[in-house]
Amino acid sequence: MSSPRHATTDNGPITRVGVVGAGLMGAGIAEVCARADVDVLVWESTRELAAEGRARILDSLDRGVSSGKITERERDRAALRLRLTTDLGDFEDRQLVIEAVVEDEAAKTAVFRELDRVVTDPRAVLASNTSSIPIMKLGTCTSHPERVIGMHFFNPVPVLPLVELVSTLETGDAVRARAEAFAQQVLGKQVVHSADRSGGVVNALLVPYLLSAIRMAESGFATPEDIDRAMVLGCAHPMGPLSLADHVGLDTVKAIADSMYAEFKEPLYSPPSLLLRMVEAGRIGKKAGHGFYRYD
Ligand code: CAA
């Protein structure tokens with residue numbers, strides 16, 4: 001049997017990870033950690049949401065088996081690595097915590113304040129999967145901003161190989177090295193580095209593209225189906241921009257655009273009216289069963 005891969009740095013291996021939030025991203029992050037043989041504790045706000053989160057992770061592990069990516073034994077082993085909790089106080093012994101709650105500054109700062117209180121080991125890394133909230137805003141909620149970093153994963157997390165690491169003016173070198181070693185050596189991801197700018201590298205390019213596609217559909221320039229077909233067939237993208245927006249969640253796309261617009265004041269990040277109306281109507285994409293497309 002192969003021994004577990006562990007991120008080895010000056011501060012010792014990371015073998016105990018906490019994930020805050022078991023939605024689309026949190027569940028994916030927890031899954032890849034468990035698959036890498038790391039002990040994973042996942043927080044959700046209620047027992048019902050925790051149960052849903054666990055089911056989401058187990059479903060994805062099953063998909064991994066049915067698509068031949070993992071064996072049944074690996075799935076069962078990963079499932080044993082996962083525990084769910086509704087008490088952030090249980091994160092006391094975590095060496096790395098990855099926050100993946102809703103893309104809302106108040107929600108995230110509340111989590112970081114609590115993590116600062118609970119996770120007392122000064123070598124522990126506090127990471128955020130935020131897509132667009134400046135990491136410094138989360139670091140300043142804590143008494144040790146040097147241990148706060150952005151670790152931005154991509155959906156679906158078990159499939160997409162990238163982690164964007166976002167260091168602030170205060171992030172410690174050892175913290176950056178530890179997060180990078182964990183992403184690469186333990187999770188097998190590839191890393192790019194970004195300065196602490198709202199959206200990082202990927203969303204600086206992706207968000208204007210998604211918003212342009214929404215404006216195009218809004219103006220009647222082309223149908224959503226034709227916009228998507230154009231990019232899939234003409235540019236070999238795995239999915240078109242409106243399918244992708246549905247896949248990310250239109251509420252999340254709007255939240256990211258709002259943060260980026262607040263940071264850069266550039267019209268290209270301003271959420272179009274159609275996006276605002278769809279979010280108000282609850283048509284927020286795949287997870288709601290209805291966005292630019294219907295999902296049964
Ligand atoms: N575990 C392991 N592997 C899995 C899996 C799982 N749970 N689920 C699917 N896979 C694998 C499949 O086996 C398949 O592998 P092969 O290509 O080797 O056969 C591959 O993933 C594709 O899966 P499917 O065939 O089921 O589905 P698909 O071909 O329709 O692809 C998709 C679906 C992966 C979502 C693809 O359309 C895609 O990559 N789309 C783009 C997604 C994207 O751009 N995401 C980034 C969004 S931005 C973001 O997340 C961050 C942000 O800040 C907004």
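Colleague: Which helix gives the most to the shell around the ligand?

Modeller: That's α2, with three residues. Helices here are DSSP runs of H or I with at least four residues, strands are E runs of at least two, and both are numbered from the N terminus. Bear in mind that this is a predicted model, where local features need pLDDT of at least 70, side-chain atom pairs count only at pLDDT 80 or more, and totals for chains, interfaces and linings use all residues. Residue numbers start from 1 along each chain as its sequence is written.

Colleague: OK, and how many residues surround the ligand?

Modeller: 17, and the closest are Gly 64, Ser 67, Ser 131, Asn 155 and Pro 238. A residue counts as near if its C-beta atom, placed from the backbone, lies within 6 Å of the molecule.

Colleague: What kinds of residues are in that shell?

Modeller: Nine are nonpolar, six polar and two charged. Nonpolar covers Ala, Val, Leu, Ile, Met, Phe, Trp, Tyr, Cys and Pro; charged means Asp, Glu, Lys and Arg; the others, Gly among them, are polar.

Colleague: Where does the ligand shell lie relative to the domains?

Modeller: Between them, because domain 1 (16-195) and domain 2 (204-288) both give residues to the shell. Those bounds come from an automatic or database domain assignment.

Colleague: How many residues are in contact across the two domains?

Modeller: Seven residues of domain 1 are in contact with nine of domain 2. In contact means C-beta atoms, placed from the backbone, within 7 Å. On the domain 1 side, that's two nonpolar, three polar and two charged residues. The domain centres, taken over C-alpha atoms, are 26 Å apart.

Colleague: Switching topic: which residues touch the most other members of the largest nonpolar core?

Modeller: Ile 29, Ala 30, Cys 33 and Val 40, out of 53 residues in that core. Helix α1 (residues 24-35) gives the most to this core, seven residues. A nonpolar core is a set of buried Ala, Val, Leu, Ile, Met, Phe, Trp, Tyr and Cys residues joined through C-beta atoms within 7 Å. Buried means 20 or more other C-beta atoms within 10 Å of a residue's own, exposed means 12 or fewer, and partly exposed is in between, with C-beta atoms placed from the backbone.

Colleague: What does Ile 29 contact, if we skip its neighbours within four places in sequence?

Modeller: Val 19, Ile 98, Ala 100, Asn 129, Phe 153 and Val 157. Apart from that core lies another one of 24 residues, including Ile 214 and Tyr 269.
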